[in-house]
Amino acid sequence: MVGQARIPPTPAGTSMAGQTVIVTGGNSGLGFETARQFLTLQASRVIIAVRSESKGQEAISALRADPAVKAANPSAKVEAFLLDLEDYQSGLRFAQRVKKEVPELHVLLCNAGMNILRYETSKSGHEKVMQVNCYTHFFIAFELLPLLRATAVKRGTPSHISFIGSDMQSMHTLANHPFTSPETLLGHFDNLKAYNMKRYADSKLTANAFTRKLATVVSSNHVIVNTVCPGIVATDFERDLPVWVKVPYFFIRAVVARKVDEGSRTLVYASVIAGPETHGKYLNHNKVDINPPFLDESKGKEFIEKFWTEMVKEAKSLDPQLEIPA
């Protein structure tokens, strides 16, 4: 393969027997394939979070019909829970359903995401890419953190939260277009005048920042939190991008892209195999990566703290009963 390190097979003997996992965006692409691999590792219950009930049922049927799943784990429970990441209220309903119907949760894989090169507003009123890739996922993580911790205490082994990252975070706009002190970061990202087509990169930097801060308030003995880059993978993730981007990306993907099963192994590694050495870290090619340096600079550290404060406030405004570790 040109340009990307080979991802080795998941170690033989890896078992998820007795485990319950959630995969957002689990009906297609990396999410679907990762859910399939979880099932072949004998996960007892796999919940895919989807926007459409019909697509969720199609994915469930395909997962159950997969020969490797049928051979390794025919009795697994596979379900689809509705979740629209554009909408905080959908995220709240999703989390409430999980807390009501799921007694144990071992893995929360925040996989779903989007990339568009135009400004759009989400159903919750924020810039759409940030809402989908970051805010609602972070809110769900806050809501389900007590369940993940309780599961770890009961089982005597840490649970996992993994967010999808990207090396594109190094193209973020905050160094060249910094936020001003009186301005909120959520307001900065919502500001149409400050919008830049590198918003996807900003969202991935923000996921890394959130991961770093969350890891400081949650013990790795209870929940291992990390961000993982799957690399360039042969999916249709660029489907919403304009043609002038799709055409060159097609050729790049033809040369360097990982197959979906290989890309998904990075997500399995981060959310199942990775240990406390990855807590609060960004993973690339199944290794801890220090990229980008911005987050270790003074402005980056300010960004991490300011965003965390705003996200906590936002989450508590949606659910006043929510308890978030300090």
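Tutor: Let's go through some labels one by one, keeping in mind that this is a predicted model.

Student: Which residues of α4 and α5 make the contact?

Tutor: From α4 you have Tyr88, Gly91, Leu92, Phe94, Ala95, Val98 and Lys99. From α5 come Gln131, Tyr135, Thr136, Phe139, Ile140, Glu143, Leu144 and Leu147. Sorted by class, that's ten nonpolar, three polar and two charged residues.

Student: What makes Ser271 buried?

Tutor: Its relative accessible area is 0%. Buried means under 20%, so Ser271 is buried. You'll find Ser271 in helix α9, residues 260-273. Not counting residues up to four places away in sequence, Ser271 touches Phe38, Val107, His160 and Ser162.

Student: And how do you know that Arg45 is buried?

Tutor: Try the cut-off again: Arg45 has a relative accessible area of 9%, and buried means under 20%, so Arg45 is buried too. Arg45 lies in strand β2, residues 45-50. Leaving aside neighbours within four places in sequence, its contacts include Gln19, Lys77, Phe81 and Pro103.

Student: What makes the pairing of the Arg45 and Glu79 side chains a polar contact?

Tutor: The distance given for these two side chains is 2.5 Å. A polar contact needs a pair of N or O atoms within 3.5 Å, with one able to donate a hydrogen and the other to accept it. The side chains of Arg45 and Glu79 are listed as making such a contact.

Student: Now Tyr119. Why is Tyr119 called partly exposed?

Tutor: Tyr119 has a relative accessible area of 24%. Tyr119 sits in the loop between β4 and α5.

Student: What does Tyr119 touch, residues up to four places away in sequence not counted?

Tutor: Glu127, Phe189, Asp190, Asn191, Leu192 and Tyr195. A polar atom of the Tyr119 side chain lies 2.5 Å from the backbone oxygen of Asp190.

Student: How far apart in space are Tyr119 and Leu147?

Tutor: They are 35 Å apart, C-alpha to C-alpha, and 28 residues apart in sequence.

Conventions:
Residues numbered from 1 in each chain as written. Predicted model: local features only at pLDDT ≥ 70, side-chain atom pairs only at ≥ 80, totals over all residues. Heavy atoms only, no water. Contact = heavy atoms within 4.5 Å. Helix = DSSP H or I, 4+ residues; strand = E, 2+ residues; numbered from the N terminus. Nonpolar A, V, L, I, M, F, W, Y, C, P; charged D, E, K, R; others polar. Buried < 20%, exposed > 50% of the residue type's maximum accessible area, 1.4 Å probe, protein only.
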